[in-house]
Amino acid sequence: GRPQQVHAEAGRIVSFGTDGRFTLGLEGGRRLDAALDRPSYRVVVDDESEPFVRDEKNVFAKFVLEVGDEIRAGDEVLVVHERGELLAVGTAQLDAAAIRDFETGMAVNVREGAPAET
């Protein structure tokens with residue numbers, strides 16, 4: 001009796017889990033990217049990580065350039081390139097301070113990558 005997913009013409013916005021949490025779809029990530037001030041809920045990476053993130057590979061802490069201060073482990077986050085382009089959406093595995101401080105460990109479990117624009 002409750003919605004499980006919310007879709008728009010451009011794709012999935014969000015899915016609701018049985019645990020009461022939601023997971024972002026790429027379209028939901030695009031909408032949040034447009035609505036939130038930078039760097040809120042964003043994990044920023046550079047050219048080296050871009051192809052891997054687009055291919056839905058996880059983001060490791062040592063490759064993160066910047067991170068939104070409010071991020072907690074378990075939060076849905078946007079993975080963006082340093083030039084501002086949305087690369088993927090996923091779940092933070094560490095909080096913002098740990099992502100900044102750690103040289104090892106997974107920062108974001110990437111769920112859906114954005115295809116490269118041609």
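**Exercise 1. Determine in which helix E27 lies and whether E27 is buried or exposed.**

Step 1. E27 belongs to helix α1, residues 26–35; helices (H or I, at least four residues) and strands (E, at least two) are DSSP runs, numbered from the N terminus.

Step 2. The model is predicted: local features need pLDDT of at least 70, side-chain atom pairs count only at pLDDT 80 or more, and totals for chains, interfaces and linings use all residues. Residues are numbered from 1 along each chain as its sequence is written, and side-chain values use heavy atoms, leaving out hydrogens and water.

Step 3. The relative accessible area of E27 is 11%. E27 is therefore buried (under 20% relative accessible area; exposed is over 50%, partly exposed in between; 1.4 Å probe, protein chains only).

Step 4. Not counting residues up to four places away in sequence, E27 touches A8, A10, G11, R12 and I13 (contact: heavy atoms within 4.5 Å).

**Exercise 2. State the strand order of the open sheet and identify its edge strands.**

Step 1. The order of the six strands is β5-β9-β8-β7-β4-β6, with mixed pairing (two strands pair if DSSP finds at least two bridges between them).

Step 2. β5 (59–60) and β6 (66–67) are the edge strands, each pairing on one side only.

Step 3. Five bridges join β7 to β8 (residues 86–92) in the antiparallel sense. V79 has A88 in β8 as its bridge partner.

**Exercise 3. Identify which strands each supply at least two residues of the lining of the largest pocket.**

Step 1. These strands are β3 (22–24) and β7 (76–81).

Step 2. β7 gives the largest share, three residues.
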